[in-house]
Amino acid sequence: MLSNLLKSITKSKIVPYFLIGVCAACIDVGVFIFMYEMVGLTALISHSISIPISAIFSFLCNAFLNFKKTDFLLFRFISFVTVIFSGYLLGVVIIIFIDDFLQLGGTIGKLASLPFVFLLQFYLNSKISFRN
């Protein structure tokens, strides 16, 4: 049973999606911290800048390397952006909650949002943006 689970996970697109996501998250968080901590922009503006930059990286890697779906690229990109926007909104809610209500800071809110956004976006992208 465990070997079947491991086989299905390794055949799944979630592992490369996760690895691409880690790289995209590093870009996202790096740009966010630069804009928020160094430039002095607000957490939400920094989030609004970092998301599109990491989203373009993520889309290109997932389309060409992971899902290998390069047909209907414009349609896939539009649906990918829609999925990214849903993750963006979830991130905004989590950042506001952690930064404004819990007063733990925007960076903590940004980091806390990542696993929730990852799961939402993987599910939606695998079912919508990169389906057959």
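Lys110 and Asp28 are both buried (under 20% relative accessible area, with exposed meaning over 50% and partly exposed in between, for a 1.4 Å probe and protein chains only). The model is a predicted one, in which local features need pLDDT of at least 70 and side-chain atom pairs count only at pLDDT 80 or more, whereas totals for chains, interfaces and linings use all residues. Residues are numbered from 1 along each chain as its sequence is written, and side-chain values use heavy atoms, with hydrogens and water left out.

Two salt bridges are present in the structure (a side-chain nitrogen of Lys or Arg within 4 Å of a carboxyl oxygen of Asp or Glu). In one of them, the side chains of Lys110 and Asp28 meet at 2.9 Å, N to O; this pair links distant parts of the chain, 82 residues apart, with Lys110 in helix H5 (residues 106-129) and Asp28 in helix H2 (residues 14-39). Helices (H or I, at least four residues) are DSSP runs numbered from the N terminus. A salt bridge also joins Arg76 to Asp71, with the closest N and O atoms 3.0 Å apart; Arg76 counts as buried because its relative accessibility is 5%, while Asp71, at a relative accessible area of 36%, is partly exposed.

Asn66 belongs to helix H3 (residues 43-66) and, with a relative accessibility of 2%, counts as buried. When neighbours within four places in sequence are left aside, Asn66 is in contact (heavy atoms within 4.5 Å) with Lys13, Pro16, Tyr17, Ile20 and Cys61.

Conventions: Helix = DSSP H or I, 4+ residues; strand = E, 2+ residues; numbered from the N terminus.
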